[in-house]
Amino acid sequence: MSEFWLISAPGDKTNLQAWERMNTVTLKSNLSSNSKFHIPDLKVGTLDALVGLSDELGKLDSFAESVIKKIAQYIGEVMEDSKDKVQENLLANGVDLISYLTRFEWDMAKYPIKQPLKNISDALAKQVTQIETDLKTRSAAYNNIKGNLQSLEKKTMGNLLTRTLADIVHKEDFVLNSEYLITLLVVVPKSSYVQWQKTYESLSDMVVPRSTKMIAEDAEGGLFTVTLFRKVMDDFKAKARENRFMVREFYFDEKELKCEKEELMKLASDKKQQYVSSTSTPLTHSFMVPTDSCEHHLAQKTEAQDREHNLSKGPLLRWLKVNFSEAFVAWIHVKALRVFVESVLRYGLPVNFQAMLLQPNRKSVKRLRDVLNVVFKHLDEVAAASIMDPGMDIPGLQLSNQEYYPYVYFKIDLSLLD
(Lines give C-alpha, C1' and ligand atoms only; values in the text may rest on other atoms or scores of the structure.)
Protein backbone atom coordinates (compact mmCIF):
# COMPACT_ATOMS: atom_id res chain seq x y z
CA MET A 1 0.00 0.00 0.00
CA SER A 2 1.09 3.63 0.40
CA GLU A 3 1.29 6.68 2.60
CA PHE A 4 -0.73 9.78 1.77
CA TRP A 5 -0.61 13.33 3.10
CA LEU A 6 -3.89 15.19 3.40
CA ILE A 7 -3.09 18.90 3.61
CA SER A 8 -4.88 22.23 3.28
CA ALA A 9 -4.05 25.92 2.97
CA PRO A 10 -6.18 29.08 2.68
CA GLY A 11 -8.02 29.38 -0.62
CA ASP A 12 -7.34 33.06 -1.36
CA LYS A 13 -5.62 34.21 -4.55
CA THR A 14 -2.13 34.26 -3.01
CA ASN A 15 -2.40 30.71 -1.70
CA LEU A 16 -4.01 29.35 -4.83
CA GLN A 17 -0.93 30.58 -6.67
CA ALA A 18 1.17 28.82 -4.03
CA TRP A 19 -0.82 25.65 -4.67
CA GLU A 20 -0.07 25.84 -8.38
CA ARG A 21 3.61 26.43 -7.69
CA MET A 22 3.76 23.53 -5.25
CA ASN A 23 1.91 21.26 -7.66
CA THR A 24 4.20 22.18 -10.52
CA VAL A 25 7.40 21.64 -8.52
CA THR A 26 6.35 18.32 -6.97
CA LEU A 27 5.16 16.86 -10.26
CA LYS A 28 8.15 18.10 -12.25
CA SER A 29 10.60 16.67 -9.71
CA ASN A 30 8.57 13.50 -9.25
CA LEU A 31 8.22 14.18 -5.52
CA SER A 32 4.58 13.17 -5.27
CA SER A 33 1.33 12.47 -7.06
CA ASN A 34 -1.27 15.11 -6.20
CA SER A 35 -5.04 15.42 -6.44
CA LYS A 36 -7.57 17.86 -5.04
CA PHE A 37 -9.53 16.55 -2.09
CA HIS A 38 -13.09 17.84 -2.19
CA ILE A 39 -14.72 18.67 1.15
CA PRO A 40 -18.24 20.15 1.00
CA ASP A 41 -19.45 23.31 2.78
CA LEU A 42 -20.20 22.01 6.25
CA LYS A 43 -21.94 23.86 9.10
CA VAL A 44 -19.27 25.57 11.19
CA GLY A 45 -21.02 26.18 14.52
CA THR A 46 -19.26 27.99 17.38
CA LEU A 47 -15.53 28.26 18.00
CA ASP A 48 -15.83 26.46 21.34
CA ALA A 49 -17.67 23.59 19.66
CA LEU A 50 -14.95 23.33 17.01
CA VAL A 51 -12.17 23.20 19.62
CA GLY A 52 -13.94 20.41 21.51
CA LEU A 53 -14.74 18.56 18.31
CA SER A 54 -11.10 18.72 17.22
CA ASP A 55 -10.08 16.61 20.22
CA GLU A 56 -12.96 14.15 19.74
CA LEU A 57 -12.14 13.68 16.06
CA GLY A 58 -8.52 12.94 16.91
CA LYS A 59 -9.61 10.05 19.13
CA LEU A 60 -12.18 8.86 16.58
CA ASP A 61 -9.53 8.94 13.86
CA SER A 62 -7.27 6.60 15.86
CA PHE A 63 -10.19 4.33 16.79
CA ALA A 64 -11.44 4.01 13.19
CA GLU A 65 -7.90 3.28 11.98
CA SER A 66 -7.54 0.50 14.56
CA VAL A 67 -10.86 -1.06 13.49
CA ILE A 68 -10.02 -1.20 9.78
CA LYS A 69 -6.62 -2.63 10.66
CA LYS A 70 -8.30 -5.37 12.73
CA ILE A 71 -10.69 -6.20 9.90
CA ALA A 72 -7.88 -6.30 7.34
CA GLN A 73 -5.85 -8.61 9.58
CA TYR A 74 -8.85 -10.84 10.12
CA ILE A 75 -9.50 -11.07 6.39
CA GLY A 76 -5.92 -12.31 6.06
CA GLU A 77 -6.49 -14.87 8.81
CA VAL A 78 -9.75 -16.12 7.37
CA MET A 79 -8.26 -16.35 3.87
CA GLU A 80 -5.54 -18.65 5.21
CA ASP A 81 -5.39 -20.61 1.97
CA SER A 82 -5.37 -17.53 -0.30
CA LYS A 83 -3.24 -14.95 1.49
CA ASP A 84 -1.93 -13.66 -1.84
CA LYS A 85 -5.44 -12.45 -2.68
CA VAL A 86 -6.10 -10.50 0.53
CA GLN A 87 -5.41 -7.10 -1.05
CA GLU A 88 -8.00 -7.81 -3.75
CA ASN A 89 -10.62 -7.93 -1.01
CA LEU A 90 -9.68 -4.62 0.60
CA LEU A 91 -12.02 -2.32 -1.30
CA ALA A 92 -13.96 0.86 -0.51
CA ASN A 93 -17.28 1.37 -2.27
CA GLY A 94 -16.29 -1.30 -4.78
CA VAL A 95 -12.96 0.25 -5.85
CA ASP A 96 -9.38 -0.08 -4.65
CA LEU A 97 -8.41 2.15 -1.73
CA ILE A 98 -6.11 4.45 -3.67
CA SER A 99 -8.80 5.11 -6.28
CA TYR A 100 -11.32 5.86 -3.54
CA LEU A 101 -8.94 8.30 -1.86
CA THR A 102 -7.86 10.15 -4.98
CA ARG A 103 -11.47 10.48 -6.17
CA PHE A 104 -13.03 11.11 -2.78
CA GLU A 105 -16.60 12.37 -2.74
CA TRP A 106 -18.52 13.14 0.44
CA ASP A 107 -21.42 10.72 0.98
CA MET A 108 -24.35 13.12 1.24
CA ALA A 109 -26.87 10.35 1.89
CA LYS A 110 -25.06 8.85 4.88
CA TYR A 111 -23.71 12.08 6.34
CA PRO A 112 -26.01 15.00 5.41
CA ILE A 113 -24.05 18.26 5.50
CA LYS A 114 -26.99 20.34 6.74
CA GLN A 115 -26.65 18.89 10.23
CA PRO A 116 -24.15 20.12 12.85
CA LEU A 117 -20.61 18.79 12.69
CA LYS A 118 -21.08 17.14 16.10
CA ASN A 119 -23.99 15.11 14.72
CA ILE A 120 -21.90 13.92 11.79
CA SER A 121 -19.05 12.99 14.12
CA ASP A 122 -21.43 11.10 16.43
CA ALA A 123 -22.93 9.20 13.48
CA LEU A 124 -19.45 8.17 12.32
CA ALA A 125 -18.47 7.11 15.84
CA LYS A 126 -21.65 5.07 16.26
CA GLN A 127 -21.11 3.35 12.92
CA VAL A 128 -17.48 2.40 13.61
CA THR A 129 -18.30 1.27 17.16
CA GLN A 130 -21.09 -0.99 15.87
CA ILE A 131 -18.75 -2.52 13.30
CA GLU A 132 -16.17 -3.24 16.01
CA THR A 133 -18.83 -4.81 18.25
CA ASP A 134 -20.09 -7.04 15.43
CA LEU A 135 -16.53 -7.98 14.53
CA LYS A 136 -15.89 -9.19 18.09
CA THR A 137 -19.04 -11.32 18.01
CA ARG A 138 -18.39 -12.84 14.60
CA SER A 139 -14.69 -13.44 15.18
CA ALA A 140 -15.46 -15.14 18.51
CA ALA A 141 -17.93 -17.48 16.77
CA TYR A 142 -15.47 -18.25 13.97
CA ASN A 143 -12.58 -18.79 16.40
CA ASN A 144 -14.77 -21.14 18.41
CA ILE A 145 -15.52 -23.24 15.32
CA LYS A 146 -11.88 -23.14 14.27
CA GLY A 147 -10.67 -24.10 17.76
CA ASN A 148 -13.07 -27.03 18.03
CA LEU A 149 -12.09 -28.22 14.58
CA GLN A 150 -8.39 -28.03 15.40
CA SER A 151 -9.00 -30.04 18.57
CA LEU A 152 -10.78 -32.74 16.62
CA GLU A 153 -8.17 -32.70 13.87
CA LYS A 154 -5.43 -33.18 16.46
CA LYS A 155 -7.18 -36.36 17.54
CA THR A 156 -6.75 -37.80 14.05
CA MET A 157 -3.05 -36.90 13.92
CA GLY A 158 -1.81 -38.40 17.20
CA ASN A 159 -0.45 -41.89 17.80
CA LEU A 160 -2.61 -44.92 18.56
CA LEU A 161 -2.57 -44.09 22.27
CA THR A 162 -4.18 -40.67 21.84
CA ARG A 163 -5.83 -40.30 18.44
CA THR A 164 -9.51 -40.84 17.76
CA LEU A 165 -10.44 -44.33 16.68
CA ALA A 166 -13.63 -43.34 14.88
CA ASP A 167 -12.07 -43.89 11.46
CA ILE A 168 -10.23 -47.09 12.45
CA VAL A 169 -12.53 -49.47 14.31
CA HIS A 170 -15.47 -51.38 12.88
CA LYS A 171 -18.44 -53.10 14.42
CA GLU A 172 -17.19 -56.56 13.43
CA ASP A 173 -14.01 -56.05 15.49
CA PHE A 174 -15.96 -56.29 18.76
CA VAL A 175 -18.10 -58.67 20.73
CA LEU A 176 -21.15 -56.54 21.42
CA ASN A 177 -24.26 -56.79 23.60
CA SER A 178 -22.81 -59.58 25.73
CA GLU A 179 -23.55 -59.75 29.41
CA TYR A 180 -20.28 -61.54 30.15
CA LEU A 181 -17.76 -60.79 27.38
CA ILE A 182 -16.06 -57.56 26.37
CA THR A 183 -13.53 -56.66 23.68
CA LEU A 184 -10.65 -54.37 24.65
CA LEU A 185 -8.20 -52.46 22.46
CA VAL A 186 -4.51 -52.74 23.35
CA VAL A 187 -1.62 -50.68 21.95
CA VAL A 188 1.45 -52.88 21.58
CA PRO A 189 4.94 -51.52 20.72
CA LYS A 190 6.34 -52.92 17.46
CA SER A 191 9.19 -54.59 19.28
CA SER A 192 6.69 -56.50 21.44
CA TYR A 193 4.41 -58.04 18.80
CA VAL A 194 5.82 -61.54 19.30
CA GLN A 195 5.64 -61.23 23.09
CA TRP A 196 2.01 -60.10 22.86
CA GLN A 197 1.01 -63.06 20.72
CA LYS A 198 2.71 -65.46 23.15
CA THR A 199 1.42 -63.99 26.41
CA TYR A 200 -1.91 -62.20 25.96
CA GLU A 201 -3.99 -65.34 26.69
CA SER A 202 -2.19 -65.84 30.00
CA LEU A 203 -2.12 -62.28 31.29
CA SER A 204 -5.21 -63.13 33.35
CA ASP A 205 -7.84 -65.84 33.67
CA MET A 206 -10.80 -66.00 31.29
CA VAL A 207 -9.16 -64.51 28.17
CA VAL A 208 -10.77 -65.93 25.03
CA PRO A 209 -8.13 -67.95 23.13
CA ARG A 210 -7.09 -66.74 19.67
CA SER A 211 -9.23 -63.60 20.08
CA THR A 212 -6.56 -61.05 19.23
CA LYS A 213 -6.29 -59.28 15.89
CA MET A 214 -4.27 -56.23 14.80
CA ILE A 215 -6.65 -53.65 13.30
CA ALA A 216 -4.31 -50.66 12.88
CA GLU A 217 -0.63 -49.81 12.92
CA ASP A 218 1.48 -46.65 13.03
CA ALA A 219 5.21 -45.91 13.27
CA GLU A 220 5.32 -46.82 16.95
CA GLY A 221 3.14 -49.87 17.29
CA GLY A 222 -0.09 -51.70 16.56
CA LEU A 223 -3.64 -51.65 17.86
CA PHE A 224 -4.85 -55.14 18.82
CA THR A 225 -8.24 -56.42 19.93
CA VAL A 226 -8.62 -58.98 22.71
CA THR A 227 -11.81 -60.49 24.12
CA LEU A 228 -12.22 -61.59 27.76
CA PHE A 229 -14.77 -61.90 30.52
CA ARG A 230 -15.86 -58.61 32.00
CA LYS A 231 -15.11 -59.66 35.57
CA VAL A 232 -11.36 -60.03 34.88
CA MET A 233 -11.04 -56.76 32.96
CA ASP A 234 -9.30 -54.81 35.74
CA ASP A 235 -6.85 -57.62 36.40
CA PHE A 236 -6.05 -57.93 32.68
CA LYS A 237 -5.40 -54.17 32.40
CA ALA A 238 -3.00 -54.21 35.31
CA LYS A 239 -1.04 -57.22 33.98
CA ALA A 240 -0.97 -55.72 30.47
CA ARG A 241 0.46 -52.46 31.84
CA GLU A 242 3.22 -54.39 33.64
CA ASN A 243 4.23 -55.82 30.25
CA ARG A 244 4.15 -52.40 28.49
CA PHE A 245 0.89 -53.23 26.71
CA MET A 246 -1.39 -50.18 27.03
CA VAL A 247 -5.16 -50.79 27.10
CA ARG A 248 -7.11 -47.95 25.48
CA GLU A 249 -10.11 -46.71 27.46
CA PHE A 250 -12.43 -47.34 24.55
CA TYR A 251 -15.75 -49.10 24.30
CA PHE A 252 -17.45 -49.47 20.95
CA ASP A 253 -20.54 -47.30 20.62
CA GLU A 254 -21.73 -47.11 17.03
CA LYS A 255 -23.88 -44.06 17.65
CA GLU A 256 -21.06 -42.21 19.43
CA LEU A 257 -18.58 -42.94 16.63
CA LYS A 258 -21.03 -41.88 13.95
CA CYS A 259 -21.72 -38.65 15.78
CA GLU A 260 -18.00 -37.93 16.15
CA LYS A 261 -17.48 -38.35 12.39
CA GLU A 262 -20.45 -36.12 11.60
CA GLU A 263 -19.32 -33.49 14.09
CA LEU A 264 -15.88 -33.32 12.46
CA MET A 265 -17.48 -32.98 9.02
CA LYS A 266 -19.91 -30.36 10.29
CA LEU A 267 -17.17 -28.25 11.88
CA ALA A 268 -15.02 -28.44 8.75
CA SER A 269 -18.02 -27.39 6.67
CA ASP A 270 -18.99 -24.59 9.06
CA LYS A 271 -15.46 -23.22 9.02
CA LYS A 272 -15.28 -23.33 5.23
CA GLN A 273 -18.70 -21.73 4.91
CA GLN A 274 -17.53 -18.78 7.00
CA TYR A 275 -15.08 -17.63 4.37
CA VAL A 276 -16.73 -18.68 1.12
CA SER A 277 -16.92 -15.58 -1.06
CA SER A 278 -20.35 -14.20 -1.77
CA THR A 279 -19.62 -14.72 -5.47
CA SER A 280 -18.65 -18.37 -5.04
CA THR A 281 -20.91 -21.27 -5.82
CA PRO A 282 -22.75 -22.24 -2.61
CA LEU A 283 -21.59 -25.45 -0.96
CA THR A 284 -24.10 -28.24 -1.24
CA HIS A 285 -23.00 -29.59 2.14
CA SER A 286 -22.62 -26.24 3.87
CA PHE A 287 -24.35 -27.04 7.13
CA MET A 288 -24.75 -30.76 7.69
CA VAL A 289 -27.95 -31.83 9.40
CA PRO A 290 -27.35 -34.54 11.99
CA THR A 291 -29.22 -37.80 11.59
CA ASP A 292 -32.00 -38.58 14.03
CA SER A 293 -29.71 -40.88 16.01
CA CYS A 294 -27.18 -38.08 16.55
CA GLU A 295 -29.49 -35.11 16.84
CA HIS A 296 -29.92 -35.22 20.58
CA HIS A 297 -26.27 -36.06 21.18
CA LEU A 298 -24.96 -33.20 19.06
CA ALA A 299 -27.49 -30.79 20.50
CA GLN A 300 -26.13 -31.44 23.96
CA LYS A 301 -22.45 -31.59 23.02
CA THR A 302 -22.30 -28.43 20.92
CA GLU A 303 -25.08 -26.30 22.36
CA ALA A 304 -22.78 -23.46 23.45
CA GLN A 305 -20.86 -23.56 20.17
CA ASP A 306 -24.03 -23.49 18.07
CA ARG A 307 -25.40 -20.58 20.10
CA GLU A 308 -22.29 -18.55 19.27
CA HIS A 309 -22.28 -19.73 15.68
CA ASN A 310 -25.89 -18.72 15.14
CA LEU A 311 -24.85 -15.14 15.87
CA SER A 312 -22.61 -15.19 12.82
CA LYS A 313 -24.75 -16.77 10.13
CA GLY A 314 -23.66 -16.07 6.62
CA PRO A 315 -20.20 -16.08 5.15
CA LEU A 316 -17.72 -14.34 7.41
CA LEU A 317 -15.54 -13.20 4.53
CA ARG A 318 -18.46 -11.43 2.85
CA TRP A 319 -19.27 -9.63 6.11
CA LEU A 320 -15.63 -8.65 6.58
CA LYS A 321 -15.37 -7.26 3.05
CA VAL A 322 -18.58 -5.23 3.35
CA ASN A 323 -17.68 -3.83 6.75
CA PHE A 324 -14.07 -3.14 5.84
CA SER A 325 -15.47 -0.91 3.10
CA GLU A 326 -17.91 0.73 5.51
CA ALA A 327 -15.23 1.34 8.15
CA PHE A 328 -12.70 2.64 5.62
CA VAL A 329 -15.22 5.05 4.09
CA ALA A 330 -16.13 6.26 7.59
CA TRP A 331 -12.44 6.71 8.44
CA ILE A 332 -11.77 8.90 5.40
CA HIS A 333 -14.85 11.00 6.24
CA VAL A 334 -13.35 11.47 9.72
CA LYS A 335 -10.14 12.66 8.04
CA ALA A 336 -12.16 15.09 5.92
CA LEU A 337 -13.92 16.40 9.04
CA ARG A 338 -10.56 16.89 10.76
CA VAL A 339 -9.22 18.87 7.81
CA PHE A 340 -12.35 21.03 7.77
CA VAL A 341 -12.32 21.72 11.52
CA GLU A 342 -8.57 22.35 11.70
CA SER A 343 -8.65 24.59 8.62
CA VAL A 344 -11.39 26.76 10.12
CA LEU A 345 -9.55 26.95 13.44
CA ARG A 346 -6.24 27.71 11.72
CA TYR A 347 -7.33 30.02 8.90
CA GLY A 348 -10.51 31.56 10.34
CA LEU A 349 -13.82 32.61 8.78
CA PRO A 350 -15.32 32.80 6.26
CA VAL A 351 -14.54 29.21 5.34
CA ASN A 352 -12.13 29.31 2.42
CA PHE A 353 -9.44 26.67 2.08
CA GLN A 354 -8.18 24.18 -0.47
CA ALA A 355 -7.46 20.57 0.50
CA MET A 356 -5.15 18.32 -1.45
CA LEU A 357 -4.09 14.69 -1.26
CA LEU A 358 -0.41 13.98 -1.87
CA GLN A 359 1.12 10.56 -2.39
CA PRO A 360 4.83 11.06 -1.68
CA ASN A 361 7.49 9.28 -3.65
CA ARG A 362 9.13 7.06 -1.03
CA LYS A 363 12.61 8.26 -1.95
CA SER A 364 11.65 11.94 -1.87
CA VAL A 365 9.79 12.37 1.42
CA LYS A 366 12.29 14.78 2.97
CA ARG A 367 12.61 16.81 -0.23
CA LEU A 368 8.81 17.03 -0.53
CA ARG A 369 8.51 18.24 3.05
CA ASP A 370 11.13 20.91 2.41
CA VAL A 371 9.29 22.11 -0.70
CA LEU A 372 5.99 22.34 1.20
CA ASN A 373 7.63 24.29 4.02
CA VAL A 374 9.15 26.75 1.56
CA VAL A 375 5.93 27.21 -0.41
CA PHE A 376 3.71 27.67 2.65
CA LYS A 377 6.12 29.18 5.20
CA HIS A 378 4.23 32.49 5.01
CA LEU A 379 1.29 30.81 6.78
CA ASP A 380 3.33 30.51 9.97
CA GLU A 381 6.81 32.00 9.74
CA VAL A 382 7.81 30.92 13.26
CA ALA A 383 6.77 27.28 12.80
CA ALA A 384 8.35 27.12 9.35
CA ALA A 385 11.63 28.49 10.69
CA SER A 386 11.65 25.93 13.50
CA ILE A 387 11.00 23.07 11.08
CA MET A 388 13.71 24.18 8.68
CA ASP A 389 16.17 24.70 11.56
CA PRO A 390 15.42 22.02 14.21
CA GLY A 391 18.12 23.54 16.44
CA MET A 392 16.02 26.64 17.07
CA ASP A 393 14.48 26.84 20.52
CA ILE A 394 11.14 28.60 20.23
CA PRO A 395 9.28 28.57 23.58
CA GLY A 396 5.66 27.45 23.47
CA LEU A 397 5.77 26.14 19.90
CA GLN A 398 5.69 22.43 20.69
CA LEU A 399 2.46 22.12 22.58
CA SER A 400 2.01 18.41 21.91
CA ASN A 401 3.66 15.37 20.41
CA GLN A 402 1.73 15.82 17.16
CA GLU A 403 3.50 16.88 14.00
CA TYR A 404 3.00 20.58 13.28
CA TYR A 405 3.52 22.38 9.98
CA PRO A 406 2.56 25.82 8.60
CA TYR A 407 -0.25 24.13 6.68
CA VAL A 408 -2.93 21.74 7.96
CA TYR A 409 -1.58 18.20 7.71
CA PHE A 410 -2.90 14.70 8.40
CA LYS A 411 -1.34 11.41 7.38
CA ILE A 412 -3.26 8.48 5.87
CA ASP A 413 -1.06 5.43 6.19
CA LEU A 414 -2.33 2.53 4.09
CA SER A 415 0.84 0.51 4.72
CA LEU A 416 -0.77 -0.63 7.99
CA LEU A 417 -3.08 -2.75 5.81
CA ASP A 418 -0.27 -4.64 4.05
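Start by selecting strand 9 (353-360), where seven of eight residues are buried (buried means under 20% relative accessible area with a 1.4 Å probe, protein chains only). Strands are DSSP runs of E with at least two residues, and helices are runs of H or I with at least four, both numbered from the N terminus. The model is predicted, so local features need pLDDT of at least 70 and side-chain atom pairs count only at pLDDT 80 or more, while totals for chains, interfaces and linings use all residues. Residues are numbered from 1 along each chain as its sequence is written, and side-chain values use heavy atoms, leaving out hydrogens and water.

Strand 1 pairs with strand 9 in the antiparallel sense over six bridges (pairing requires at least two DSSP bridges between the strands). Serine 8 has alanine 355 as its bridge partner. Strand 2 (residues 32-36) is also antiparallel to strand 9, over five bridges, and lysine 36 is bridged to methionine 356.

Now select Phe324 and Phe328, which have the most contacts inside the largest nonpolar core, a set of 63 residues. Such a core joins buried Ala, Val, Leu, Ile, Met, Phe, Trp, Tyr and Cys residues through side-chain atoms within 4.5 Å. Elements giving two or more residues to this core include strand 1 (3-10), helix 4 (117-157) and helix 10 (316-347). Helix 10 gives the most, with 18 residues. Beyond neighbours within four places in sequence, phenylalanine 328 is in contact with Ile68, Ala92, Leu97, Tyr100, Leu101 and Leu414 (contact means heavy atoms within 4.5 Å).

Keep helix 10 and show helix 4. They pack at about 155 degrees with axes 10 Å apart; axes are lines fitted to C-alpha atoms over the stretch in contact, and angles run from 0 to 180 degrees between N-to-C directions. That makes the two helices roughly antiparallel (over 145 degrees). Residues making the contact include Leu124 and Ile131 of helix 4, and Trp319 and Phe340 of helix 10.

Then move to Ile182, Leu203, Phe224 and Phe245, which are among the 18 residues of a second, separate core.

Finish with the open sheet of four strands, ordered 6-7-5-8 with antiparallel pairing. Strand 6 (213-217) and strand 8 (246-248) are at the edges with a single partner strand each, so one side of each has no neighbour in the sheet. The twist averages 35 degrees from one strand to the next. Strand 5 (residues 181-189) and strand 7 (residues 221-229) pair over nine bridges, and leucine 184 stands opposite valine 226.

Technical notes:
Buried < 20%, exposed > 50% of the residue type's maximum accessible area, 1.4 Å probe, protein only. Parallel < 35°, antiparallel > 145°, perpendicular 65-115°, else oblique.
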